[in-house]
Amino acid sequence: VYARMSEVLGITDDNHVLETFMTKIVTNLKYWGRCEPVISRTLQFLNDLSVGYILLKKLVKIDAVKFMLKNHTSEHFPFLGISDNYSVSDFRCRTIFYTALTRLLMVDLGEDEDEFENFMLPLTVSFETVLQIFNNNFKQEDVKRMLIGLARDLRGIAFALNTKTSYTMLFDWMYPTYLPILQRTIERWYGEPACTTPILKLMAELMQNRSQRLNFDVSSPNGILLFREASKMICTYGNQILSLGSLSKDQIYPMKLKGISICYSALKSALCGNYVSFGVFKLYGDNHFDNVLQAFVKMLLSVSHSDLLQYRKLSQSYYPLLECLTQDHMSFITNLEPPVLLYVLTSISEGLTTLDTVVSSSCCTSLDYIVTYLFKHIAKEGKKPLRCREATQAGQRLLHFMQQNPDVLQQMMSVLMNTIVFEDCRNQWSVSRPLLGLILLNEKYFSELRASLINSQPLPKQEVLAQCFRNLMEGVEQNLSVKNRDR
């Protein structure tokens with residue numbers, strides 16, 4: 001590229017090359033606003049340039065970059081407008097634009113809140129306009145377009161803010177003034193994915209604790225406040241979307257399942273982000289945590305098992321979320337109604353055989369947490385402890401359910417053993433984790449399964465497989481210690 005630019009334009013200095021690139025980028029964005037292919041490729045190039053820190057240090061000194069940072073409005077860049085000339089799908093490019101722009105801002109931002117406020121001024125003006133319109137009779141289409149654009153802009157900004165200081169600036173800017181507007185939008189236009197999807201994706205991005213950016217100070221309630229806002233939005237969307245009733249096959253994903261998968265991703269990020277102490281909610285009688293878990297269940301029961309596995313984005317958000325719940329919130333799992341618990345365990349059983357290793361590994365991990373919890377409860381029951389009565393009751397509920405439905409765990413053990421013996425298992429470590437617990441909980445069934453697997457082999461191979469099973473259990477003790485599992 002440099003050789004060609006030197007030949008045609010006579011440019012040899014690398015700073016001059018970058019200046020030429022940035023001038024061309026600004027020119028394209030200013031004068032080709034109605035040509036989506038040009039805007040899209042120009043913004044992708046800008047995004048690529050904004051990734052490396054050394055390059056960023058050079059870029060922020062260029063006049064064209066300084067101009068963009070101070071003038072990112074539709075007056076200078078028409079593609080940021082809400083005119084009917086632009087399709088709503090074209091608004092997607094705004095996320096890339098603001099990601100690149102925020103990376104450039106971050107180079108010299110430091111802790112300068114005034115500089116951040118100045119950068120956010122065009123978005124502040126847009127939100128204030130929406131606030132005024134919401135409180136009066138308003139033109140719906142214009143407001144919707146403004147909100148879609150704002151959600152996409154903010155998602156781009158949030159994606160680029162990877163430090164605690166900068167993320168806190170954004171949160172303080174959004175809460176408590178502007179997040180309720182997004183909440184009202186979900187309430188009002190829940191049946192329009194073009195409007196709800198960008199807002200739900202923004203919330204999912206805000207919940208991501210990337211680079212530990214959400215580790216607020218010990219005196220700050222921001223982690224809990226952020227979770228409460230997410231809880232409200234997920235509950236609102238979940239309750240409203242279920243009111244749509246049954247949808248046709250071509251409508252079910254865009255109208256319902258896509259939104260549910262984004263809600264699950266947001267909830268998973270919150271549960272695994274280590275910035276919220278969930279015990280606080282129960283301690284102070286705050287029901288936001290319970291509400292969002294109930295919304296999770298309601299949305300889940302409205303989805304068939306086949307849809308759960310058929311739509312990849314849905315399965316890749318549901319199963320990791322379930323993994324988080326079984327790891328840290330088994331009291332919630334054990335309190336589920338028997339039909340709901342059966343649905344969850346069946347979904348794990350069906351997910352074990354899928355070709356998607358993300359899904360099958362999450363299923364193995366979830367199963368391991370459930371089996372370990374059950375095994376520990378049975379071990380404690382034998383010792384009859386006087387304390388932990390509530391935990392004992394939770395374990396008793398799960399044990400009672402498993403006694404009523406013994407085939408559930410047996411089926412999963414059969415699936416795992418068949419996978420190990422007969423298939424090309426691509427995630428052996430994950431598959432091995434729940435296996436010992438299943439064997440110890442179902443020793444009689446394991447003996448039957450072992451005999452069945454051995455007898456299914458040709459005679460010359462039967463003794464070989466029998467020896468493999470003897471080797472598998474050699475020296476294994478009746479506990480789930482790490483050493484014993486590894487053996």
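User: What does buried mean here, and what relative accessibility does Q462 have?
Analyst: Buried means under 20% relative accessible area, exposed means over 50%, and partly exposed lies in between (1.4 Å probe, protein chains only). This is a predicted model, where local features need pLDDT of at least 70, side-chain atom pairs count only at pLDDT 80 or more, and totals for chains, interfaces and linings use all residues. Residues are numbered from 1 along each chain as its sequence is written, and side-chain values use heavy atoms, leaving out hydrogens and water. Q462 therefore counts as buried, at a relative accessibility of 19%.

User: Which helix holds Q462?
Analyst: Helices are DSSP runs (H or I, at least four residues), numbered from the N terminus. The run at residues 459–473 includes Q462. That helix is α27.

User: Which residues does Q462 touch, not counting residues up to four places away in sequence?
Analyst: Contact means heavy atoms within 4.5 Å. Residues up to four places away in sequence are not counted for Q462. The residues left are I454, N455 and Q457.

User: Is T102 buried or exposed?
Analyst: T102 lies in helix α6, residues 93–109. Its relative accessibility is 0%, so T102 counts as buried.

User: Which backbone oxygen does the side chain of T102 reach?
Analyst: A polar contact is a pair of N or O atoms within 3.5 Å; within protein, one must be able to donate a hydrogen and the other to accept it, and residues adjacent in sequence count only if both atoms are side-chain atoms. Here the distance is 2.6 Å. The backbone oxygen belongs to Y98.

User: Which residues is T102 in contact with, leaving aside its neighbours within four places in sequence?
Analyst: Neighbours within four places in sequence are left aside for T102. The contacts are F119, I157, A160 and L161.

User: At what angle do α10 and α13 pack, and what does that make them to each other?
Analyst: Axes are lines fitted to C-alpha atoms, for helices over the stretch in contact, and angles run from 0 to 180 degrees between N-to-C directions. Under 35 degrees is roughly parallel, over 145 roughly antiparallel, 65 to 115 roughly perpendicular, and the rest oblique. Helix α10 (residues 164–174) and helix α13 (residues 222–242) pack with axes 12 Å apart, at about 55 degrees. That is why α10 and α13 are oblique.

User: Which residues of α18 make the contact with α20?
Analyst: The axes of α18 (residues 312–328) and α20 (residues 338–351) come within 12 Å and cross at roughly 120 degrees. From α20 come V344, S347, I348 and G351. From α18 come Y318, Y319 and L322.

Definitions and conventions
Helix = DSSP H or I, 4+ residues; strand = E, 2+ residues; numbered from the N terminus.
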